[in-house]
Amino acid sequence: MKILVPVKRVIDYNVKPRVKMDGTGVDLANVKMSMNPFDEIAVEEAIRLREKGVATEIIAVSVGPQKAQETLRTALAMGADRAILVLSEDEVEPLGVAKLLKAIVDEEQPGLVILGKQAIDDDSNQTGQMLAALTGRPQGTFASKVEVSGDKVSVTREVDGGLETVSLTLPAIVTTDLRLNEPRYASLPNIMKAKSKPLAQKTPADYGVDVAPRLKTLTVAEPPKRSAGIKVADVDALVAKLKEMGVAA
Amino acid sequence: MTVLVLVEHAEGAVKDATLSAVTAASKLGAVHALVAGDGDAAKAAADAAAQIAGVEKVLLASDAAYGHQLAENVAALVVGLIGDYDAFVAPATSNGKNIAPRVAALLDVMQISEILSVESADTFTRPIYAGNAIATVQSSDAKKVITVRGTAFAKAATTGGSASVESVATGGDQALSSFVGAETQKSERPELTSAKIIVSGGRALGSSEQFHAVIDPLADKLGAGVGASRAAVDAGYAPNDYQVGQTGKIVAPEIYVAVGISGAIQHLAGMKDSKTIIAINKDEDAPIFQVADLGLVGDLFKIVPELTEKL
């Protein structure tokens, strides 16, 4: 079966985001950008399923600006077979992305779509669930284990109280949590090879999808700052402070 | 405006996250609460929900299909009920995050995730970039679908309400998914998201054995919940559901004790709204001290046992 893996180009995990002075957003000029970490885990899981003989082809897709090509090349270097870029220089909301992915699912008919559970820029945590809704497919969100057997996929999910396992009838949608796997690094030969793998370029109009935003961002502000408190000299001083606060008798 | 709030419940009791969602929803309009569940436990949860201050009506959907909160089944139920409502509100728990976007897409609505405040009927604030920025967003959708960050809203009182409980027709099983099993951590300690005090350990603990040997006695002494940084979870010192941070749990207890946690951005995102933060770390330049109200620099393996003993 085919596996579709959507990936997003986001601010690098290690960069501290700075809010623009004019309050219109976060400053992304000259900031290191990378593949969303949860999406790397999704790509890795797809590759492992191909290595196990479950998957036959892995298609990476990104909705984003021209530079999202780099993110798709990273997915290809990790091991995806081909890529689709749906070009949009404007930010597309999760609902719009889910509609585009639905159109691609209709065309490609993948047995599994594996997505990151959330992107670390807008932190929405919606696209996978929305795609599942629009395609009428079952969803296994926040996965820490994925096992395909026959026409079912068993997904162990990270939930508030611990773990939960659900069985989904294929085709299905899975979103990844941190512990699912540790993504591989692309080797230099694979990075070179990735340059010649096919990368198709499309637009939302090609799929007949309206991606006009439903949410308008009025302002983006810094969160209220916490100021540093005091340092105490030793445990006795800490205990005294805690007693003042009524924590210890 | 009338708002349908998804009640999070377990074993017949309403979970605290629901109470914050009720408070947020009541800023929008009249609150009706939906209990989707199975059998006596669902009935008990509905009766408890009817007591919550501010809830005007409880809808009870009792069906085996809802026993494990499968998103496919619960989302279909919500979509069937939503005609009478202007908004659907769920707590931003793993369950709410699983169900709400499925509802939103079925309604062709762009969800507003993890709201921190209600500015007006269509305008909300929400954290982006791991809480490093707060966006004020205005929705143009006719119906709103919203998840609520529990730590940002006061909990509605669990008594004082006298809502009627009305049974509603169920949508049955969508036959897309089934529940196989759960491994839940049974613990005597309070749940992280509702604990008044949390003791969290970081990578400096060095091993799973030392994590439990150092952190657990202090937590027991304080009646605290136990958390961990992502670094400690990644290193295998603590289970994943201990994780506090952007990708783990968001907590805001009265007191947060950070032991051997340096204070990476993504950890701070999960705990910086705690009322009082106490940090113990051997590195005096650790970023955790920039947000801590009380800091103690030194060897945690000496300090924590001494603190446990002297409290």
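A: Two residues are in contact if their C-beta atoms, placed from the backbone, lie within 7 Å. In this predicted model, residues 24 or more positions apart account for 69% of the contacts in chain A with a separation of 6 or more. Chain A contains six helices and 13 strands. Buried residues make up 49% of its 249 residues, and the C-alpha trace of chain A spans about 65 × 45 × 40 Å along its principal axes.

The contact between the chains draws on 63 residues from chain A and 65 residues from chain B. On the side of chain A that touches chain B, at least two residues come from each of the helices α3 (94-108), α4 (127-135) and α6 (235-244), among other elements. The strands β7 (139-149), β8 (152-159), β9 (162-169), β12 (215-221) and β13 (230-231) of chain A also supply at least two residues each. The largest share, eight residues, belongs to β9(A). Sorted by class, this side of chain A has 32 nonpolar, 15 polar and 16 charged residues.

Strand pairing also links the two chains. β13(A) pairs with strand β18 (residues 294-297) of chain B in the parallel sense, over two bridges. Within this pairing, A:Ile230 has B:Leu294 in β18(B) as its bridge partner.

Attention now turns to the partner chain. Chain B holds an open sheet of seven strands with parallel pairing, in the order β7-β11-β6-β1-β4-β5-β12. Its edges are formed by β7 (112-115) and β12 (164-167) of chain B; each has a single partner strand, so one side of each is left without a neighbour in the sheet. Neighbouring strands of this sheet are turned by 25° against each other on average, direction ignored.

One pairing within the sheet can be followed residue by residue. Strand β6 (residues 87-91) of chain B runs parallel to strand β11 (residues 144-148) of chain B and is joined to β11(B) by five bridges. There, B:Val89 has B:Ile146 in β11(B) as its bridge partner.

Helix α2 (residues 39-50) of chain B lies across β4 (30-37), β5 (55-62) and β12 of chain B, and runs at about 175° to β5(B). Helix α3 (residues 71-81) of chain B lies across β1 (2-6), β4, β5 and β6 of chain B, with an angle of about 145° to β4(B).

How values were computed
Residues numbered from 1 in each chain as written. Chains lettered and ligands numbered in written order. Predicted model: local features only at pLDDT ≥ 70, side-chain atom pairs only at ≥ 80, totals over all residues. Helix = DSSP H or I, 4+ residues; strand = E, 2+ residues; numbered from the N terminus. Buried ≥ 20, exposed ≤ 12 C-beta atoms within 10 Å, placed from the backbone. Pairing = 2+ DSSP bridges. Axes fitted to C-alpha atoms, helices over the stretch in contact; angles between N-to-C directions. Nonpolar A, V, L, I, M, F, W, Y, C, P; charged D, E, K, R; others polar.
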